[in-house]
Amino acid sequence: MIKKLLLILIAVVSVSAGFAQKIQSPDEFLGYKLGDQFTPHYRIVDYFKYVAQASKNVKLQQFGTTNEGRPLLAMFIASDENIGRLEEIRHNNLRLAGIEKGTAITNMPVITWLSYNVHGNEPASSEAAMWTLFDMVDPANATTKAWLKNSVVVIDPCLNPDGRDRYVHFYNSVRGEAPDANPTSREHVEPWPGGRINHFYFDLNRDWAWQTQKETQARVGLFNQWLPEVHVDYHEQGYNSPYYFAPAAEPYHKDITQWQRDFQVTIGKNNAKYFDQNGWMYFTKQEFDLLYPSYGDTYPLYNGSIGMTYEQGGISAGLAVLTRSGDTLTFAQRISHHHTTGLSTVEIASANAQKLLDEFKKFYDNSRTNPPGDYKTYVIKNDNNNNVNALAQMLGRNGIQYGFGLANKSITGYDYFTGKTEQYNVGPNDLVINAYQPKAVLLHVLLEPKTFIADSNTYDITAWALPYAYGLKAYGVKESFKPANPTWSIAKPQQQVSSHAYAYVATWQSINDVKFLTALLKKQIKVRYSEKPFEAAGKKFAPGSLLITRASNDRADFDQVVTQTAAALNEGLVPLSSGFVDKGSDLGSDAIRYIRQPRVMLMAGEGVNAEAMGEVWHLFEQQLGYPVTLVKYRDLGRTRLSDFDVVIFPDGNYEDFPSDKLQNWIREGGKLIAIENAVALLADKKGFALKKKEEKKEDKDKAEAKEKETIKIYADRDRDAIRSMIPGAIFKLNLDNTHPLGFGMPNYYYSLKLNDDIYDLLSNEDGWNVGTIKKNSYVSGFAGVQSKLKINNGLLLGVQSMGRGSVIYMVDDPLFRSFWENGKLLFSNAVFMVGQ
């Protein structure tokens, strides 16, 4: 009897243990089948938290929040043996890379990282993330248990929660009882700005290296603490396209290793095996190249991983859509495809774990001992302390080591700005970056002066060299030099306080100086600037230098407010005891202009390029802390324009632009800033002096004659089209830095061109040609032959007077993705300096 009771008790305990190990699938937890409806982000978070409590094989980490307060999560999944030693595995991986000191063990688990839903309106992958997580932790799944014996799997379920919820809330608000598969129905047409982008309308998939956004800074910070061997970035594309997975399309950057190329093929073949079994359509080696360094596939590649993009057809597909082929694509199918490639990738990584670890170590060994590229040392001249500091911070976020100064002060190197090999004496504050370091590949990609492009048919911009983006003179040196001060940071400027100061002077040469100006304006401190250079207190001051005079600031706390604001922003101040200067115009002359605090309007809504608008919005709100009013373009007609001094039109397609009301506002003293296509819409319009640059008749006739003689080949149509394309190339402008639009800049400016738009020079009566371009101004990146011929002898930056107001033409985007640092001062000049 006792024996029988013991057997019953053992059976009950065994059954109870079985129930305890049971983990709910996403379908069971959510109460509906994946694919039946879109899951809001908070429910995805709930499921991941549930699994974290229900499974002993996971660790859930919240590594940040979005701008709207939603959590950013990463789930780490490992075997019973490895889940308790994740930190040991992480540190060992960094030792393999040489980032941490110590002996690395080469038979540790391989790290496979799966990142989902970076574009909010590509939502299938976050649903697949829950399914993939369940399969990895399901106690009954013997297959995945075997993979986890030598693997750690990391799942980031949603890289862009704000964008995802924007899309999901839209769709759920317009859907009917059953999905309407007709592609013209409203559930397939997102309202502006769409869910693709984050809160500030940035494309997070193009921000990995620059890390301008809150979400990216947190995510890449975590990524660099682990450096996985395999990384997949999950996407969706147009719903008429079949599934895409690696290998990628050309061009590959030349620094991508043969092993990284080959293993992309290995992974692709494993994915293809499962797609073939199911009869699913797919393609490889097309469209999605590996060049631009700030993607979710290229950034990991330049950090030693096998980085890949997977793309499921599905943007705007809703829960079901009728495709061009007559098939109905469902949300459930999209989820299933992503789920399949997720498991396939973990499987193939596990099967090749030791080889992946060996090649990962080899990548970093080569980086430290044989860095790529001709230059083994990069020297950044510090003639702009704030821009050098901003660049140093950006390098630091990417784990790139740097220092300042050289023991051997004289170098001979390639001058980025002249294109010649020249001698230079390195100063103690110059930024010095030695290429012999773990992040040598990423360093080379970010700093190479001319991007090598094996194939010109690219998916994104083709030039981004940081010295041009930051406006800093740089040298590439073929010899290896170590910085004299590898840990020394740029010293903070000393504040000079004088209770008897007649005025304080601050420089105007970086976005940090603009922050100082806006901080003073918000504190009701009146600020002036000098329109001409002058000398005082033994120092030289350039045009644009800020003057904070005691006159007009009659308040007891004047010195305290000015100096404390400067100290908080690391802004150097020079006190002047008199308005009588040593050289130049005195502080009471007409060369000293008062900066009226501008009331700024920014166009938003339908017709506006949301990403271009987001760059301006982010600059004002997150970087300058200066108020800007967002107004929908369709509401402009009923807006009281007299409430504003500046109106900004970012890139967009504006109907009936410019209106008579807007032109009258300009004539009465308003300032219109037009950027990219907004400039094109003003060209040749009555009242506006800007004229599109036309080809010379003889050149046009020759081109047309040659076109008629040439028999076009259908297969070459894509190649023929790129002859007149510029997918992001750098051109050098001549800049009139005596004009307020050019204040604080050298007499040149490097512009990132995304098209071949160029305009005739303004006549002397019509305005000022501030940024002009001559022949042979091309610097780096791909530009089609026809476009290169077109971009010469014309205007790219101009200012036209109109009545008491002005129009500022900015043909190229000065704030491109917020990483084109030097353009921020140019844009700020347009807002705060021009027209005062």
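**Exercise 1.** Across which strands does helix α16 lie, and at about what angle does it run to β23?

*Solution.* The model is a predicted one.
Step 1: Helix α16 comprises residues 511–522.
Step 2: This helix lies across β19 and β23.
Step 3: Relative to β23, helix α16 runs at about 30°.
Step 4: A further helix, α17 (residues 558–568), packs on the sheet and touches β19 and β23; the direction of α17 makes about 10° with that of β19.

**Exercise 2.** Determine how strands β19 and β23 are joined, and name the bridge partner of V505 in β23.

*Solution.* Step 1: Strand β19 covers residues 503–506, and strand β23 covers residues 546–549.
Step 2: The two strands run antiparallel and are joined by 4 bridges.
Step 3: Within β23, V505 has L547 as its bridge partner.

**Exercise 3.** State the strand order of the open sheet of 5 strands and identify its edge strands.

*Solution.* Step 1: The order reads β24-β19-β23-β20-β25, and the pairing is antiparallel.
Step 2: Strands β24 (574–576) and β25 (592–594) are the edges, each pairing on one side only.
Step 3: On average, neighbouring strands of this sheet are turned by 30° against each other, direction ignored.

**Exercise 4.** Decide whether T112 counts as buried or exposed, and list its contacts beyond four places in sequence.

*Solution.* Step 1: T112 is located in strand β3, which spans residues 110–115.
Step 2: The relative accessibility of T112 is 0%, so T112 counts as buried; the cut-off for buried is under 20%.
Step 3: Leaving aside residues up to four places away in sequence, T112 touches V152, V153, V154, V230, T345, V346 and A349.

Conventions: Residues are numbered from 1 along each chain as its sequence is written. This is a predicted model: local features need pLDDT of at least 70, side-chain atom pairs count only at pLDDT 80 or more; totals for chains, interfaces and linings use all residues. Side-chain values use heavy atoms; hydrogens and water are left out. Two strands pair if DSSP finds at least two bridges between them. Axes are lines fitted to C-alpha atoms, for helices over the stretch in contact, and angles run from 0 to 180 degrees between N-to-C directions. Contact means heavy atoms within 4.5 Å. Buried means under 20% relative accessible area, exposed over 50%, partly exposed in between (1.4 Å probe, protein chains only).
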